[in-house]
Amino acid sequence: MLPTDPMTEVARSTRRAARSGRKEPVRLEPITIECVSPELDGGRYPVKRVVGDTLVVGADIFKDGHDLVAARVRYRAPGATAWRSVPMRFEFNPDRWLASFPLDRMGTWEFTVEAWTDRFNSWRSGLEKKVAAKQKVDVELLEGAQIVLSAARNTRSSAYRSSLQQVADRMRDETMSLEARARAALAPELKALVDQHYAPDDLTEYRHVLRVRVDRPAAAFASWYEMFPRSATDDPRVHGTFESAAGMLPRIAELGFDVVYLPPIHPIGRTFRKGKNNTLDPEPDDVGSPWAIGSEEGGHDAVDPKLGTLEDFERFVQRANALGLEVALDFALQCSPDHPWVKEHPDWFHIRPDGTIAYAENPPKKYQDIYPLDFWCEDREGLWTACRDLILFWVARGVKQFRVDNPHTKAFAFWEWCIAEVQRLHPETVFFAEAFTRPKRMKSLAKLGFTQSYTYFTWKNTRWELVPYLEELTQGPAAEYFRGNFFANTPDILHEYLQHGGRPAFRIRLLLAGTLLPLYGIYSGYELCENVPVRAGSEEYLDSEKYQIRVRDFDAPGNINADIRMLNRIRRAHAALQQYTNLAFHTSENEQVLFYRKAGRPVPAVVDGLVIPPSVDTHVTGGRSGNGEEGREVSGDDEPSLVAPPSWSSDADLLVAVNLDPHRIHDSMVHVPIEEMGIDPDEPYVVHDLLTGAHYTWRGSRNYIRLDPQQQPGHVLRVERP
């Protein structure tokens, strides 16, 4: 049974109340809690983090009057039944509170914010002032004793209860001097006991329980390589197999990639099969498009017999894993006219008035070899369940990453349900959205569960295109949930920049892709600088591998294997390139030179415009309560929480300069943010080019660089200080 969207139920309830004339009750709250961060669409969707991150939670908290306020964050790990708590600290701007906790396991975490009037410490603060002013405090001591007795009644420890009652008795004992009674009331031991056991009478909880989706680190940092197994051959007349493709894995691993991604590996339909260069008149030996899935030999849970068997595929996965590679599969929810589902479930497709099944179209393009599925058909429960089970089928065979073809053409509600279902059983599963569509749709897919997404990077080639787009991705609200994966090319996209820029263009785009974001990828043939389109003005490759077998010599002259190998080595060695939001662009006096910094040491984070220093980005086990005094951790979970490392590595800062013009040498003065990096204006510092090994001594903020696209299109400079 498919679940009903809870937000839909809320909307229905609201409409019913409106029709009946009922008014929703006003929620009266003694304390205001607002502007909680991170929060995505009022808690409708979770934000994203990875294991090892620390979640910093902020909130504006205040109330009327002069009483002190205390607050805490309550959180619950995936699978836990009890909640844990960590005190919030009053920080920086007025009425802004902060706390943090470590994320030490995969899955969906929950958290919220609670606040209350800190009656004891409000009373204690007033008592201190009156005692200092030598005022009479006998009534104040009676008031304080009532608070202490309330804490005593709340504790389940007889020893603590007895201690609190004894102090309360002393505070009320009129045979003692006021000075002695006041000393007992102001003892730090009493404060610690009351803080621990007092039950607030106006506890206020934020209106939402928020969520954070925590993925494994490989979901946020990886280098992808796309290959067609059928092209793993020395003869274009001989179809490659999983076994021959396994022979190519050592080369891919040696280049430093983490993920090898395969287009669909299923049987390919015969009806309307596409020929070479997308012709509608195929030759008898044409292999067709792998995205035309399904034939009499099976559907999405089968493999093309020309590639081998399921057992052969499992051995391919095992061989990849042994080399440190993960295998990602293309998950394309569409069928050829020969797919078994067409006969078994014709109602799962779009039926036209003449009784025929509609094929895919993107005018003027026609895809007669593909039938789209109707995700809102009458038997949607059967269709959705079958699609989910396909993913589980391949997960059982060692696949934990899926590149999803055109997810924006399927029901968004299906993806939200399906991804949650799969990750509930296998939280390590990664979903990569191939959604070259409008921005809001791309972002919505990321919100509802997709781990990563393709981006517009391929079409961003100038400084004025790159800078605002990267700032949007890494510094704007989307950074909380959208993880871009910068593929430099795909089987569908050969941008004119690569077509006309030659080998330097490939080196430039590789360097940008691998240093701007922690996720990037290339499609096979990029290392050979393949750049011939099927025709002028097209982004399609001539002799596209989508429709035929391509034989390659990956050591052919002019290859950029050395660039790829070096880039991936640098990425693995420097944590600054493994972070998403530590990117900042800086001034270059030449528009053709892009200059940016990837911060490697602990840097301030920004939450709702507030600058949070690195000291906040740690796990607090006994932080501060609302009055700036020592607080406590309130724990309801028996299992200990692992202390995670800081979000930022202590690795060195990296400065990257790239010549965006593949045709000409450019020089420029670049402005190094020495103040942000803690470098004095007169202090010399060394920058070490990780690409060439060269060292340069710089001084001050303004320094000179010269970049030759033929020889050295860019610098990756590690900042080294004495």
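Q: How much of the protein chain counts as buried?
A: Of its 722 residues, 55% count as buried. Buried means under 20% relative accessible area, exposed means over 50%, and partly exposed is in between, with a 1.4 Å probe and protein chains only.

Q: Where does the model come from?
A: This is a predicted model, so local features need pLDDT of at least 70 and side-chain atom pairs count only at pLDDT 80 or more, while totals for chains, interfaces and linings use all residues. Residues are numbered from 1 along each chain as its sequence is written, and side-chain values use heavy atoms, with hydrogens and water left out.

Q: OK. How many helices and strands are there in the protein chain?
A: The protein chain has 16 helices and 32 strands. These are DSSP runs, numbered from the N terminus: helices are H or I with at least four residues, strands are E with at least two.

Q: And what is the accessible surface of the protein chain?
A: About 31600 Å². Carbon and sulfur atoms hold 51% of that. The areas come from the Shrake-Rupley method with a 1.4 Å probe; for residues, only the protein chains shown count as cover.

Q: What share of the contacts links residues 24 or more positions apart?
A: Among contacts with a separation of 6 or more, 77% are between residues 24 or more positions apart. Contact means heavy atoms within 4.5 Å.

Q: Let's zoom in. Which residues of helix H6 are buried?
A: H6 covers residues 188–197. Its buried residues are Leu190, Lys191, Leu193, Val194, Asp195 and His197.

Q: What do they pack against?
A: Four helices: H2 (119–132), H3 (138–154), H4 (158–172) and H5 (178–185).

Q: Take H4 and H6. At what angle do they pack?
A: About 125 degrees, with their axes 11 Å apart. Axes are lines fitted to C-alpha atoms, for helices over the stretch in contact, and angles run from 0 to 180 degrees between N-to-C directions.

Q: So what do we call that arrangement of H4 and H6?
A: H4 and H6 are oblique to each other. Under 35 degrees counts as roughly parallel, over 145 as roughly antiparallel, 65 to 115 as roughly perpendicular, and the rest as oblique.

Q: Which residues meet there?
A: From H4, Tyr160, Ser163, Leu164, Val167 and Met171. From H6, Leu190, Leu193, Val194 and His197.

Q: How many of the residues in that contact are nonpolar, polar or charged?
A: In the contact of H4 with H6, seven are nonpolar, two are polar and none is charged. Ala, Val, Leu, Ile, Met, Phe, Trp, Tyr, Cys and Pro count as nonpolar, Asp, Glu, Lys and Arg as charged, and the others, Gly among them, as polar.

Q: New topic. Where are the cis peptide bonds?
A: One joins Ser37 and Pro38, with omega about 0 degrees. Pro38 is in the loop between strand E1 (32–37) and strand E2 (47–50). Another joins Pro363 and Pro364, with omega about 5 degrees. Pro364 sits in the loop between strand E15 (360–362) and strand E16 (365–367).

Q: What is phi for Phe272?
A: Near 55 degrees, a positive value in a residue other than glycine. Phe272 is in the loop between strand E12 (259–262) and helix H9 (310–322).

Q: Is Phe272 buried or exposed?
A: Phe272 counts as exposed, because its relative accessibility is 52%.

Q: And Asn406, what is its phi?
A: About 45 degrees, also positive, and Asn406 is not a glycine. At 27% relative accessibility, Asn406 counts as partly exposed.
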